[in-house]
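My entries follow in the order I looked things up.

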Amino acid sequence: MPMSDHRPASLISGGDVFPHRHLTGIEGLQPHEISFLLDEAEGWIAANRDRAAPDKRLAGLTQINAFFENSTRTLLSFEIAGKRLGADVVNMHAAQSSVKKGETLIDTAMTLNAMRADVLVIRHMSSGAVRLIADKVDCPVLNAGDGRHEHPTQALLDALTIRRRRGTIHNQRVVICGDVLHSRVARSNILALTALAAEVRVCAPSTLMPPAIDRMGVTPFADFDAALEGADVVMMLRLQTERMSGGYVPSSREYRLRYGLTPERLARAKPDALVMHPGPMNRGVEIDSSVADHPERSAITEQVEMGVAVRMACLDVLTRRARGVEGWA
C-alpha cells in the first residue's frame, strides 16, 4: 500500500510509518508496514552491490545476537548486517552459555538487559520465547526464529525476492510445499504474502499439514501436481526431522516421489515460475539439484542476498527512535 505522504519515509513520524518497538513476528503488521520495510531494504541492496562507502549509522550501538538454537545462515546474515551498519556485534551461543547450567529464560533476559544492549536479535527453540524476552528488556528485539511460531525477517526477504523478480506480490500464485506443520518460515510467509494480496497454496502430506490452516486464508493441497498448476512461485520447505518425534513420512524416497520438486513436476507451473527455498536444502529429497541450481528460475542465492538487506533495514528502523532520527525520536 503506497503512502500518500510526499516526504521521504525516514522523515515521516515513526508512529505513522512503523510504530512497533520490536519485530517479533509478521502477525500484527499492516500491509503498508510490511511494504515499508521492503522499501527500506531496497536501498541497502544497491549499496551492498556497489560496495559503497560504509554507512556507519549504528556506530556506537551494541547488537547482541543471542541464539539459543543452532544457526549458520541467519546468524551470519544478522552479523554481516549489523557490522555493515557500524554496530558493535556480539554473538551469544546458548550452547556455551549459562542456559546450559539451568538459567531460566527470564534470568537470561534480565542479564542481557543489564548489559545495556541497544538491539537484541534472538533465536529460540520455544514458540513465544522471543516475545517473553521482548517484554522484559529496554531495547528493540528482532525475532530470528522461535520454535514453530515465526521467522519474520525470512518472510520479508522472501517477499522482497518475489517482488523484485516478479514485479509484484499482488495476485501472484505462490505454492508453499513441504513440512508446513513444523515450519515457522511457512507461517510467517503465509501471513506476509496474504497480507500483500498473493494467492497462497500450501501442500503437504496430511501428517505435515496443520489443522484448519485454511483459516489463514490459504488453500491446502495434498496433491503437489494439482497445487503447482499455474503457479508463479514455488517455495519448497525441508523436512524438519529435528522437530519430529515419530513417523511423519514413510521414507525420504517416498516423500520425494510425491512431494519432491523435479524438472518434470515444475513444468506444471508457469514457464517462468520462480523457485525458492529458505535453506538448508535436502537435495534429492524436497528439491532436485537441477531445479535448485537453474540459472534463470532459481532465486535461492538471491534470497540470501536479500536477507542481508532486509536485516540491515530492520536494524536501522528499530533503532531510529533510540538514535534520535528526525521524525522518530
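The notes below go from the whole chain down to single residues.

**Ground rules.** I am working on a predicted model, where local features need pLDDT of at least 70, side-chain atom pairs count only at pLDDT 80 or more, and totals for chains, interfaces and linings use all residues. I number residues from 1 along each chain as its sequence is written, and side-chain values use heavy atoms, with hydrogens and water left out.

**Whole chain.** I counted elements and found 12 helices and 9 strands. Both are DSSP runs numbered from the N terminus: helices are H or I with at least four residues, strands are E with at least two. I then looked up the radius of gyration, which is taken over C-alpha atoms; the globule rule is 2.2 Å times the number of residues to the power 0.38. The chain has a radius of 20 Å, close to the 20 Å from the rule for 329 residues, so it is as compact as a globular protein of that length. The C-alpha trace spans about 55 × 55 × 35 Å along its principal axes.

**Surface and contacts.** I got an accessible surface of about 14,100 Å² for the chain, with 50% of it on carbon and sulfur atoms. Areas come from the Shrake-Rupley method with a 1.4 Å probe; for residues, only the protein chains shown count as cover. Buried means under 20% relative accessible area, exposed over 50%, and partly exposed in between. Buried residues are 53% of the 329 in the chain. Contact means heavy atoms within 4.5 Å. Of the contacts with a separation of 6 or more, 74% are between residues 24 or more positions apart.

**Strand pair.** I checked β1 (residues 62–67) against β2 (residues 88–93): they run parallel and are joined by 6 bridges. Strands pair if DSSP finds at least two bridges between them. Q63 has V89 in β2 as its bridge partner. With helix α3 (residues 73–84), β1 and β2 form a right-handed β-α-β unit. Right-handed here means that, with the strands pointing away from the viewer, the path from the first strand over the helix to the second runs clockwise.

**Cores.** Which residues have the most contacts inside the largest nonpolar core? They are F18, L156, I176, F224, V234 and L261, in a core of 90 residues. Helix α12 (residues 300–323) gives the most to this core, with 11 residues. A second, separate core has 17 residues, among them A66, M92, L112 and V130. A nonpolar core is a set of buried Ala, Val, Leu, Ile, Met, Phe, Trp, Tyr and Cys residues joined through side-chain atoms within 4.5 Å. I listed the contacts of L156, leaving out residues up to four places away in sequence: L23, I26, I34, L37, L38, V310 and C314.

**The β9–α11 loop.** D288 sits in the loop between β9 (274–276) and α11 (289–292). Is D288 buried or exposed? D288 counts as buried, at 12% relative accessibility. Beyond four places in sequence, D288 touches R256, L261, T262 and P263. P280 is in the loop between β9 and α11. I noted a cis peptide bond between G279 and P280, with omega about -5°.

**Positive phi.** R116 is not a glycine, yet its phi is positive at about 60°. R116 lies in the loop between α4 (105–114) and β3 (119–124), and counts as exposed at 62% relative accessibility. A197, also a residue other than glycine, has phi near 70°. A197 is in the loop between α7 (184–195) and β6 (199–203), and counts as partly exposed at 29%.

Conventions: Buried < 20%, exposed > 50% of the residue type's maximum accessible area, 1.4 Å probe, protein only.
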